[in-house]
Amino acid sequence: MTPLQTVVMAPPVGVAARDPRPGLSALDRAALERWLVDHGQPPFRARQVHDALWGGTATRPSDVTTLPRSLAAALDAGFRWSTMAEDTIVLAEGGQTEKALHRLSDGATIESVLMHYPARQGRRARHTLCISSQAGCAVGCPFCATGELGFTRDLETAEILDQIRSAVARLGQHEGAERLTNIVFMGMGEPLLNLDRVLESVSVLNDPARLGLGARHITVSTSGVVPGIRRLTALGPQFTLAISLHAARDALRDVLVPLNRRWPVAEVVAAAREHAKKTGRRISYEVTMIGGVNDTDADADAIATLLRGDLAHVNLIPMNPVAHTPWTASPMPVIEAFAARLAGVGIPVTIRRNRGQEIGAACGQLAAEHAGQPAAPAVARRRQRLEAESARALRGQRSDEPVPAGVEG
Ligand code: SF4
């Protein structure tokens, strides 16, 4: 990593046990009003607290000048104003990409990435934030730095929301006080394995009294937790659903997305298709393009067969370099040929540029670097295993490895 600029937003706090106070940002208006009344305060103060949480520059209750001191002290005693103990911000691409490494009260680290897209061709400027839903991840996709880290824990609702508040506060300092326009749950973790808290966060984001971001501006990505997709379908349109597909052939997907050993790709796509049918919302399929692994004509044809005629859009993303894998991104001409094969059967497809590679914008890379490098022999063993597994997969043999621990269903 070659950081262009590092800004430490708050002094480091040496904490190991989780702070027992709940995060204030997850408290809805009614619950906050009840708490205020119980503490001898008028309910209208809830609005002042929410305005300060989502719109101001306060870093603690005592910074909010409209609140009485006694109330600020009681809020501080009862809640965490922010669940982030420390934010380290790294800028790249002339400030167009901002990666935040958030340290939580128990020392766990998570990441969010804020990407700025300037106004062009009549389109307004966009500011998209990619956030984490878990610390680490149990799914263990081998091309992903978070998969390397393993699973630490689910994030609390406030820990999800406070990544967004951190970005909103930074955007507010931009010239012209920019607003966040899009949120994608594509950072660390499998959102559908922490679905209750993801749904709680989304309802806060939709709330006009807080962020007020419409469902169309929120995307939740899953590696294929079929019961979670079905639950979302039953709830109706909540946000855009993205499926991390990466391969349409089970043998290869068993290796690239180990969850496939529990829910095979046909089952995942059938659930997603049903979701599109019931909600009328197009499904976004993500394919990380790995040179010589999942970028062949046969892979493109398998995806074409699987998705042809569906309400679907495919995004092809060159793989970010990740330590501990023997793989690199597919060359651009190969990605373009892959895209042409899909487009040729009428599947809408976009080649996405990888943002912030120099700061490790792939999910989990900063946190992996923060955690330190594993011993060289462990890396070599892992590379060898991946090479053997992918070679077997390319011969069409399904994996006999177990379903990753921590993946229920
Ligand atoms: S790609 Fe997503 S689901 Fe796979 S290991 Fe990384 S964070 Fe988990």
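**View A. Strand E12 and strand E13 in the predicted model.** E12 and strand E13 (residues 349-351) pair in the parallel sense over 3 bridges, where strands (E, at least two residues) and helices (H or I, at least four) are DSSP runs numbered from the N terminus, and two strands pair if DSSP finds at least two bridges between them. Opposite Thr350 in E13 stands Asn315. This is a predicted model, in which local features need pLDDT of at least 70 and side-chain atom pairs count only at pLDDT 80 or more, while totals for chains, interfaces and linings use all residues. Residues are numbered from 1 along each chain as its sequence is written.

**View B. The two faces of strand E12, and its pairing with strand E11.** Strand E11 (residues 283-289) pairs with E12 in the parallel sense over 7 bridges, and Thr288 has Ile317 in E12 as its bridge partner. The chain crosses from E11 to E12 through helix H10 (residues 297-307) in a right-handed β-α-β crossover, that is, with the strands pointing away from the viewer, the path from the first strand over the helix to the second runs clockwise.

View C. The buried residues of H11 (residues 332-344) are Ile335, Phe338, Ala339 and Leu342. They cover an arc of only 100 degrees around the axis, which puts them on the same side of H11, the arc being that of the directions from the helix axis to the C-beta atoms. On the other side of H11, Pro333, Glu336, Ala340 and Gly344 are exposed.

View D. Strand E3 (residues 97-104) and strand E4 (residues 109-117) pair in the antiparallel sense over 7 bridges, and Leu101 has Glu111 in E4 as its bridge partner. E3 and E4 form a hairpin with 4 residues between them, and Gly107 in the turn has a positive phi of about 95 degrees. E4 is also joined by 5 bridges to strand E5 (residues 126-130), and these two strands run antiparallel, with His116 opposite His127 in E5.

Terms used
The expected span of a helix is 1.5 Å times one less than its number of residues. A residue is buried if 20 or more other C-beta atoms lie within 10 Å of its own, exposed if 12 or fewer, and partly exposed in between; C-beta atoms are placed from the backbone.
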